[in-house]
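Please walk me through this model in the viewer. Tell me what to select at each stop and what is found there.

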Amino acid sequence: MTQANRLRATASRESGAPLLSVRDLVVRFRTHDATVYAVNGVSFDVAEGETVGLVGESGCGKSVTNLAIMRLLPRPAGRIEGGTVLLDGQDLASMAESEIRDIRGRDVAMIFQDPMTSLNPVLTIEEQLTETLRAHRKITATDARQRAIDLLALVGIPNPEPRLRNFPHQFSGGMRQRVMIAMALALEPRLLIADEPTTALDVTIQAQVLELIRDLTQKSGTAVILITHDLGVVAGMTQRVNVMYAGFIVEAGLTPDIFARPSHPYTVGLLHSIPRIDGGEGEELIPIEGAPPNQRLAPVGCPFAPRCAWRTDRCLTENPVLTAVDGSGAAVLTGAAVTHRMACHNPPTPAEAVAGRPLGRGVAVDAR
Ligand SMILES: Nc1ncnc2c1ncn2[C@@H]1O[C@H](COP(=O)(O)OP(=O)(O)OP(=O)(O)O)[C@@H](O)[C@H]1O
Ligand code: SF4
Ligand SMILES: [Mg+2]
């Protein structure tokens, strides 16, 4: 861990508060013909130095949640309409644009699936890296250039000095991703948000880039929110995981607990719809029938109800809140001891979670 991060981490730990604390975050897109209920009251924490996974099907609100944290929602349609985003006690959600600009890059950085989202195609890598460094640090041009060379070397770019003069398009996909990681980590942020950082890369390069993110963030003590569709990546990279569905977090917990004892029907569905990481012999894959709800309609009841084989009448009108569980579905723990939460009125039993379907109860799913 770097000296600066070590000092800040100590201060944060002494205060007992997590590094990031998102509470009841609501994000809507208001366009001329519709309102999109993109994020509907999401709460989660990220502790100093930990890696937290965020998973869920396409459109469930993973990117929008994190763009809201960074205050990078597409304007004017996208707006934070409720909640707080506390970073060390400062609310990013209500901060002035001039203040958030200082925080972006320095305290919180984001990397995207497409590096061209963060790299400027018409500037050399040297211009981009040194500009970032000099905008936030009192540093001479010579020192900024040397730091840029060190950063490229750190992310594994061969011959970093001559490559500083290159433009982004002169790098291969994997190398461009490395440059983006160098940019994101240039100011040693305390939190890195990685939004599907490797999906556009081939499998071997994916593994290398993920390993690089893991090594660098572990060394610097940087906390990470890792957004991914790949549950294998979640298992290998994260300590905790939040499962999102239709703009809600429906299950959250320590990664090994979520894999060993999924407690929400959607998480059970996700785990049964992909091949097991340990290659479970003869395991039958069960796709989740149906599609996520139309987020242009205000949510009523449990959002997963139309696709859920465990649903009851109550589910159609009452959206369950996140409740602490012990993995058997029973609400047991309270306060700081809580490590696993889920939002469901009628959770699967452990045996049903293993089977991937209700045993002797439940309803036929109408896959709308
Ligand atoms: N600019 C926008 N205008 C209107 N609606 C939007 C906009 N961007 C996102 N949305 C909507 O917000 C919801 C959440 O989208 P988001 O991009 O966060 O999904 P995601 O979980 O990141 O999906 P993916 O896995 O495909 O990246 C979706 O219903 C999406 O259609
Ligand atoms: S049992 Fe009810 S509350 Fe639980 S996921 Fe299914 S529909 Fe939602
Ligand atoms: Mg996304």
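A crossing of two helices is right-handed if the near helix is turned clockwise from the far one by less than a right angle, and left-handed if the turn is anticlockwise. The model on screen is predicted.

**Stop 1: a helix pair**

Select residues 125-136, helix H4, together with residues 141-154, helix H5. H4 passes H5 in a right-handed crossing. Their axes lie 9 Å apart, and the packing angle is about 120°. To see the contact, show the side chains of Glu126, Leu129, Thr130, Leu133 and Arg134 on H4. On H5, show Ala141, Ala144, Arg145, Arg147, Ala148 and Leu151. Coloured by class, this contact has 6 nonpolar, 4 charged and 1 polar residues.

**Stop 2: ligand 1**

Centre on ligand 1, which 15 residues surround. Ala38, Ser58, Lys62, Ser63 and Val64 are the closest of them. Next, highlight strand S2 (35-46) and helix H2 (62-70), the elements that each give two or more residues to this shell. Which element has the largest share of the shell around ligand 1? H2 does, with 3 residues. The shell divides by class into 7 nonpolar, 7 polar and 1 charged residues.

**Stop 3**

How values were computed
Residues numbered from 1 in each chain as written. Chains lettered and ligands numbered in written order. Predicted model: local features only at pLDDT ≥ 70, side-chain atom pairs only at ≥ 80, totals over all residues. Axes fitted to C-alpha atoms, helices over the stretch in contact; angles between N-to-C directions. Helix = DSSP H or I, 4+ residues; strand = E, 2+ residues; numbered from the N terminus. Contact = placed C-beta atoms within 7 Å. Nonpolar A, V, L, I, M, F, W, Y, C, P; charged D, E, K, R; others polar. Near = placed C-beta within 6 Å.
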